[in-house]
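Please look over the structure shown here before reading on. The briefing that follows starts with a single residue and then turns to other parts of the chain, grouped by topic.

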Amino acid sequence: MKVLVTGANGQLGQDVVLLFRKDHEVLGLGRDGLDITNADQVRTQVLAFHPDVIIHCAAYTAVDLAETEVVQAYAVNAVGTRNLAVAAQEVGAKICYISTDYVFNGTGTQPYREYDNTDPQSVYGASKRAGEILTQTLNHRYFIVRTSWVYGEYGNNFVKTMLKFGRERDELKVVHDQIGSPTYTVDLAQFLLELVQTDKFGVYHASNTGACSWFEFAQAIFEEASIEVRTVPCTTEEFPRPAKRPSNSVMEHLSIRTNGLTDLRPWREALRDFLSQHKG
């Protein structure tokens, strides 16, 4: 299988490339190797490599900055995705677009199903939803994979930040009124590997199973890493940010179950695994 990975230098992209390269021919392209907002460049690259699958990890992910950098967010998340979907369709490739829990408004009391109405509350969420729509309308062999609270060995993330602060400070305030599901990039990459080898196209929710608040996540990180620090719960209002965060972004994994695919393991187990291998 020939696999083109965008965002190959990113947090998820690096783990995807590492895993897929074990058994498949992979072309991993970072921002320096491919400007996805340039339609001609995308088409040229895709036609030259002629992949069987494009795993589209590249994204504008600066959630707060997106509130003012609206054009840039849409250029990458919407226009860039459109370019890849069109090029994939031209060569008959499957496309797997990595999306986000931010496409929902986060006010629901139940886990969000794949086909629940979307209602993004931020520019980031709206631009990622635009990418979903473009993928669905411009390529008939698509997977849309929504994930949440991603962390891994590469790039900056909540787990690394907590490890750093936990060792430097005596006390930490962490938000307790936002609930979601942490996702380890290695586990997500493993799911993507299984998924893209099928023709079970559609929308998927993929995160490590179970849910917690950011406060509970931080407590688990400190417990598993044997770091002693006083953790104090606080509200979202105490930490005002430009972009609105979903209060509840827990997602139901309906498509994984109905299509007989392997669900991701519990989030605490994944966290333990990450910490045992983390080099920081």
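Ser 127 is buried in this predicted model, and its relative accessible area is given as 0%. The residue belongs to helix α4, which covers residues 123-138. When neighbours within four places in sequence are set aside, Ser 127 is in contact with Ala 73, Tyr 74, Asn 77, Ala 78 and Tyr 97.

**The chain as a whole**

- The protein chain is made up of 280 residues, of which 52% count as buried, and its secondary structure comprises nine helices and twelve strands.
- Its radius of gyration is 18 Å, close to the 19 Å that the globule rule gives for 280 residues, so the chain is as compact as a globular protein of that length.
- Taken along the principal axes, the box filled by the C-alpha atoms of the protein chain is roughly 55 × 40 × 35 Å.

**Surface and charge**

- The protein chain has an accessible surface of about 12,500 Å², and carbon and sulfur atoms account for 49% of that area.
- There are 27 positive and 34 negative side chains in the protein chain, and the centres of these two sets are 2 Å apart.

**Cysteines**

- How many disulfides does a search of the whole structure find? The search finds zero.
- A disulfide is a covalent bond between the sulfur atoms of two cysteines.
- For Cys 212, the closest cysteine sulfur is the one in Cys 234, and because the two sulfurs are 15 Å apart, they are too far from each other for a bond.
- Cys 234 is accordingly in no disulfide, with the sulfur of Cys 212 as its nearest cysteine sulfur, 15 Å away.
- Cys 212 counts as buried at 2% relative accessibility, and Cys 234 is also buried, with a relative accessible area of 1%.

**A strand residue, Glu 171**

- Glu 171 is found in strand β7, which runs over residues 171-175.
- Leaving out residues up to four places away in sequence, Glu 171 touches Val 229, Arg 230 and Val 232.
- Ala 220 is 49 residues from Glu 171 along the chain, and the C-alpha atoms of these two residues are separated by 15 Å.

**Backbone angles in two loops**

- Most residues other than glycine have a negative phi.
- Trp 149, although it is not a glycine, has a positive phi of about 45 degrees, and this residue is located in the loop between β5 (142-147) and β6 (150-151).
- With a relative accessibility of 11%, Trp 149 counts as buried.
- Ser 226, another residue other than glycine, also has a positive phi, in this case near 55 degrees, and its place is in the loop between α7 (214-224) and β12 (230-234).
- Ser 226 is exposed, with a relative accessible area of 65%, whereas Trp 149 is buried.

Key:
Residues are numbered from 1 along each chain as its sequence is written. This is a predicted model: local features need pLDDT of at least 70, side-chain atom pairs count only at pLDDT 80 or more; totals for chains, interfaces and linings use all residues. Side-chain values use heavy atoms; hydrogens and water are left out. Helices (H or I, at least four residues) and strands (E, at least two) are DSSP runs, numbered from the N terminus. Buried means under 20% relative accessible area, exposed over 50%, partly exposed in between (1.4 Å probe, protein chains only). Contact means heavy atoms within 4.5 Å. A disulfide is a pair of cysteine sulfur atoms within 2.5 Å. The radius of gyration is taken over C-alpha atoms; the globule rule is 2.2 Å times the number of residues to the power 0.38. Accessible areas come from the Shrake-Rupley method with a 1.4 Å probe; for residues, only the protein chains shown count as cover. Lys and Arg count as positive and Asp and Glu as negative; His and the chain ends are not counted. The place of a charge is taken as NZ of Lys, CZ of Arg, CG of Asp or CD of Glu.
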